[in-house]
Amino acid sequence: MIINDFYIVAQIGDSRLYSSRNRVFRQITEDQTYVQYLFKTKQITEEDLLIHPKRHVLLNALGVYPSLDLDIRIYPYMNETFLLCSDGLYNNIPFNDIKNIINCDDTPEQKATKLIRLANSNGGSDNIAIVLWEASK
């Protein structure tokens, strides 16, 4: 949610929010998965995140457990572009390819179409959901 000069992120699970400003593309949210926990506690490497057999095990998800931990954060909003996506997108497209598509000069519709087509052509191993927000230029 964007309110005046701030944006609020409420996250559960492993859908991701990315931000791009001045062509600097970064991941805002942190996956709430077992392998992310292992990585944060230095039990596995960054390379292991992509191949670990339990990489899809969620530690937090809506409607799965009797309770949940909603991660809420507030950031200053500086007219950046936002990409909210499911793991079906980022598990099938390398980070740099997502970044290049988001930072190109296409329309938001063209970018979303490219991302979905590329994820599907790379295996389309899961549902692919995208919300793309670009501020007026």
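I began with the lining of the largest cavity: Val9, Gln11, Ile28, Thr29, Glu30, Asp71, Arg73 and Tyr75. Here a cavity is a set of points, on a 1 Å grid over the protein atoms alone, where a 1.4 Å probe fits but cannot get out, and lining residues have an atom within 4 Å of a point. Strand 2 (6-11) and strand 5 (71-76) are the elements that give two or more residues to this lining. I took strands as DSSP runs of E, at least two residues long, numbered from the N terminus.

The model is predicted: local features need pLDDT of at least 70, side-chain atom pairs count only at pLDDT 80 or more, and totals for chains, interfaces and linings use all residues. Residues are numbered from 1 along each chain as its sequence is written, and side-chain values use heavy atoms, with hydrogens and water left out.

Back to the cavity. Strand 5 gives the largest share of the lining, three residues. I sorted the lining residues into three nonpolar, two polar and three charged. The volume is about 40 Å³, counted as the space filled by probe spheres set on the points. I found one cavity of 30 Å³ or more in the structure.

Next I looked up Ser20. Ser20 sits in strand 3 (residues 16-21). Is Ser20 buried or exposed? Ser20 counts as buried because its relative accessibility is 7%, and buried means under 20% (1.4 Å probe, protein chains only).

Which side chain makes a polar contact with that of Ser20? The partner is the side chain of Asn103, at 2.4 Å. A polar contact is a pair of N or O atoms within 3.5 Å; within protein, one must be able to donate a hydrogen and the other to accept it, and residues adjacent in sequence count only if both atoms are side-chain atoms.

Definitions and conventions
Helices (H or I, at least four residues) and strands (E, at least two) are DSSP runs, numbered from the N terminus. Buried means under 20% relative accessible area, exposed over 50%, partly exposed in between (1.4 Å probe, protein chains only). On a 1 Å grid over the protein atoms alone, a cavity is a set of points where a 1.4 Å probe fits but cannot get out, and a pocket is an open set with protein on both sides within 12 Å along at least five of seven lines; lining residues have an atom within 4 Å of a point. Ala, Val, Leu, Ile, Met, Phe, Trp, Tyr, Cys and Pro count as nonpolar, Asp, Glu, Lys and Arg as charged, and the others, Gly among them, as polar.
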